[in-house]
Every structure is written in structure tokens, then in C-alpha cells.
Amino acid sequence: RLAGLEEVPVLVKPNADQSALEWMMVENLQREDLNPLEEARGYHELSQKFKLKQDEIARKVGKSRAAVANSMRLLKLPSSVQDMLWRGDISVGHAKVLLGISREEDVQKAAMRAFNDRLSVRQLEEMLQRWQKAATPGGQSPPPAAGRCPQKFRNSKISSGKSLPPKSQSNTKMKKGASRSVSSITRISIASCRY
């Protein structure tokens, strides 16, 4: 009416409820103000509800398959780390680096360390490389997040009764039915502890 027309050409396309819902979700995912986790959850929902593959989702939202895949990987982070990402305590770059850590508790420690020490993504990568080099073949945990060193790292004793240096840890394990125990000493960075 505002244009002064009584009739306008339109194309009425019948949409099933499912495809309308899919279209609405895709439209919502194209907003610019989406949080990275909202985006990841949206892609996941499209994948689950409509059985879409990552490349199909990518075509619908106008992104690369790799971008969709990387976004969806954020959902593999522990919920506490997802919360940090949601609040902006860590960036998507930090989160992607953290995805390379296999143990959940190590991911949480590294995320807290990145936040507490205000590490850049590059500094976080370097820290994880140092942790990896310091780890023993037995798969020991990385150093604790910044704060006081846990008591087990201080004044630890070995069987000879001598104290270990403060940047070492002794672990003694005995298998059921074994006649002797096996000790291992793990080095941790003294810089990660505050006395």
C-alpha cells in the first residue's frame, strides 16, 4: 500500500515445519553478535536435529567446513573451561590450544593458568610445550596452576630418608602381588609455585 501497488508478485514456497526450523536456525547462526559457544551449540544442534554433516552446515551458513568443525570442537572442552570462554576470561585462540590437551584436569589447570597469568595464546602454547617436555613417559600431570605449590611437592621424602629438591616429586606405586615398588621422580618448574 505504501508503494501505491494493489498487487505484488510473490513466490509462495511451501515449507515443512522441519525445514522452516532449519532455516530459522541457519539465519540465527549468521548473526554477528554470537558468542563462540552459541555458534558451536547451533552447529551441533543442526547436526543432531537435522542429521546435517559439517560440510552441509558450512554451505548453509556460508563458512568453511574447517571453521564449522573447529567451532564444534569447542564443545569438547570441560564445562568449567567453556564457562571461562563464555565470560571472555579466555579467547577462542586459547580454547583451541587447550583442545590439544587430553586430560580434563590438565585442560582446567592450563586454562586457569592462562587466565590468572594473563597469558597470550602464544605464551600458552609455549607453556604447554614446556609441560610436555617435562612430562615423564608415565604421563604425569603438568605443574599446578599458579598459586602455592601443593604440599606433596614440598619436603617430599624418598626411601633413603633424604628430602627431594623442592622442584621434584616422588611417586611410589606397587602393583598387586608385586614384591617391590617402583619409584619415579618427576621434575616440575619451580616458577609454577609461589612460596
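I started at R113, which counts as buried at 11% relative accessibility (buried means under 20% relative accessible area, exposed over 50%, partly exposed in between, with a 1.4 Å probe and protein chains only). Its side chain meets that of D117 in a salt bridge, 2.8 Å from N to O (a side-chain nitrogen of Lys or Arg within 4 Å of a carboxyl oxygen of Asp or Glu). D117 counts as partly exposed, at 28% relative accessibility. I also noted that salt bridges with shared partners join R103, E105 and D106 into one network.

A word on what I am reading: this is a predicted model, where local features need pLDDT of at least 70 and side-chain atom pairs count only at pLDDT 80 or more, while totals for chains, interfaces and linings use all residues. Residues are numbered from 1 along each chain as its sequence is written, and side-chain values use heavy atoms, with hydrogens and water left out.

Next I looked up the overall layout. The protein chain has eight helices and two strands (DSSP runs, H or I of at least four residues for helices and E of at least two for strands, numbered from the N terminus). Buried residues make up 32% of its 195 residues.

How many salt bridges does the structure hold? I found nine. In one of them K60 pairs with E22, with the closest N and O atoms 2.7 Å apart. This pair links distant parts of the chain, K60 in helix α3 and E22 in helix α1, 38 residues apart. K60 is partly exposed at 38% relative accessible area, whereas E22 counts as buried at 13%.

Then I turned to helices α2 (residues 36–50) and α5 (residues 79–87), which pack at about 120° with axes 8 Å apart (axes are lines fitted to C-alpha atoms, for helices over the stretch in contact, and angles run from 0 to 180 degrees between N-to-C directions). The two are therefore oblique to each other (angles under 35 degrees count as roughly parallel, over 145 as roughly antiparallel, 65 to 115 as roughly perpendicular and the rest as oblique). L37, E38 and R41 in α2 meet Q82, L85 and W86 in α5 (contact means heavy atoms within 4.5 Å).

Last, I checked phi. Most residues other than glycine have a negative phi. K51, not a glycine, has a positive phi of about 55°, and K51 lies in the loop between α2 and α3. Is K51 buried or exposed? K51 is exposed, at 65% relative accessible area.
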